[in-house]
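The sequence and structure come first.

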Amino acid sequence: MAKTVWGRAAGAVIMGVVLSVAAALPTMAQSVRVTVNGTPITDLQVAARVKLFALEGNGTGTRGATEQLINEALQIEEAKRLGVTVSNAQIDEALLQISRNMNVSQDKLVGMLQQGGVSIETLKDRLRAAIAWNAVTEQAIMPQVQISDLALDQQAESQMQAFQNFDYILKEIIFVGAGSSGRSGQANNYRSKFAGCDTAVDLSLAYTDAAVIDVGRRHATQLPEAIAKELAGLNVGGITKPRVVESGVSMLAVCEKTQAEDLTFVKGDLRAAQGNEALEGEVQNYLANLRARAKIVFN
C-alpha cells in the first residue's frame with residue numbers, strides 16, 4: 001500500500017514532467033510569503049510552483065501553490081521528527097526512475113527542466129519531500145489502517161456469482177499454430193473424440209503439433225469470466241470450445257470439479273482496493289492534524 005502512495009507522488013512527476021519549479025528569477029525579491037513553524041516559503045518559490053501548475057494544467061494558481069508548499073514543509077518536518085533521513089543515493093535513483101519512465105536520458109530530463117525554468121536542485125528537493133513522506137506513511141500511518149475481515153467476507157459474498165463457486169483441476173490442450181481455420185478444425189475434431197483427462201495425451205498423439213499441459217488447480221475467480229461460465233456448465237470429463245490464443249488454438253479439459261465457495265481471491269482484490277482507500281484517508285487525516293498543530297504565519 002505504501003507503494004501506492006509513492007506511486008502517486010512519482011506519477012505526478014511523470015505526468016507533469018517535473019515535480020517542482022523554483023527557477024532563479026533575479027528580478028524578483030526573495031520576500032517571505034509564509035512561514036511554517038519558522039520555515040520560510042518565499043514569493044519566488046510560490047511563483048515557481050505556479051509555473052509548474054501551468055505546465056500540468058493545474059489552475060489553482062497562487063493559492064494552490066502556497067498550500068502545496070506548506071504541506072511539503074510539514075511533511076519534511078514530520079519526517080525529521082521521526083528520524084527519517086533521505087540519502088542522495090535515493091534522490092539519484094528517483095531521478096533515474098523518472099528518466100526511465102519518460103524514456104529520456106537524464107541529460108534530456110535536465111534540459112526539459114531548464115526549458116521550463118526549473119533547476120535540477122529544485123527537483124531534487126521536491127523528490128526528497130516525496131520520499132520522506134512515503135517513509136512517514138510506512139512508519140507512522142500504515143499501522144493505523146485496519147481492514148475488517150468480516151466486512152470483506154460480506155462484500156465478497158455479495159459479489160460472488162453462481163458460476164464462480166467452483167474449484168477445478170484442468171488440463172489445457174493446445175494446437176500450436178497461428179490460429180488458422182485448419183488448426184481450429186483439428187481442435188474441434190479432437191474435442192469430438194475427447195473421453196476424459198486420462199486419455200488426453202494419447203489422443204493428442206494423433207495430431208501434429210498438439211500439446212497437453214497440466215494447468216493444475218484453479219478457482220473460478222482466477223479464470224476469465226467467459227471461460228469460468230463455460231466451465232461451470234461442464235461436468236468432469238468435459239472440454240471447452242476451441243479458443244484462438246497467441247500460441248494457437250486452446251481448449252480446457254475438466255479433470256476434477258468441486259463446489260467451493262472460496263472467497264480468497266475476491267477478498268484479495270477487495271482488500272487491496274479498500275486498503276488503498278483507507279490508507280489515503282489516514283494520510284489525509286495525518287497531514288490535516290499536522291496543519292492543525294502547526295504555526296503557519298502569512299505575511
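Thr122 is found in helix H6; helices here are DSSP runs of H or I with at least four residues, numbered from the N terminus. The model is predicted, so local features need pLDDT of at least 70 and side-chain atom pairs pLDDT 80 or more, while totals for chains, interfaces and linings use all residues. Residues are numbered from 1 along each chain as its sequence is written, and side-chain values use heavy atoms, without hydrogens and water.

Thr122 counts as buried because its relative accessibility is 10% (buried is under 20% relative accessible area, with a 1.4 Å probe and protein chains only). Between Thr122 and Gln45 lie 9.6 Å in space, C-alpha to C-alpha, although they are 77 residues apart in sequence.

| Helices | Residues | Axes come within | Crossing angle |
|---|---|---|---|
| H3 and H6 | 61-81 and 120-141 | 9 Å | roughly 55° |

Axes are lines fitted to C-alpha atoms over the stretch in contact, with angles from 0 to 180 degrees between N-to-C directions. H3 contributes Glu72, Gln75, Ile76, Glu78 and Ala79 to the contact, and H6 contributes Arg126, Arg128, Ala129, Ala132, Trp133 and Val136 (contact means heavy atoms within 4.5 Å).

The 21 residues of H3 should span 30 Å at 1.5 Å a residue, and its end C-alpha atoms are 31 Å apart, which agrees. Just after H3, Gly83 has a positive phi of about 80°.

Key. Helix = DSSP H or I, 4+ residues; strand = E, 2+ residues; numbered from the N terminus. Buried < 20%, exposed > 50% of the residue type's maximum accessible area, 1.4 Å probe, protein only. Expected span 1.5 Å × (residues − 1).
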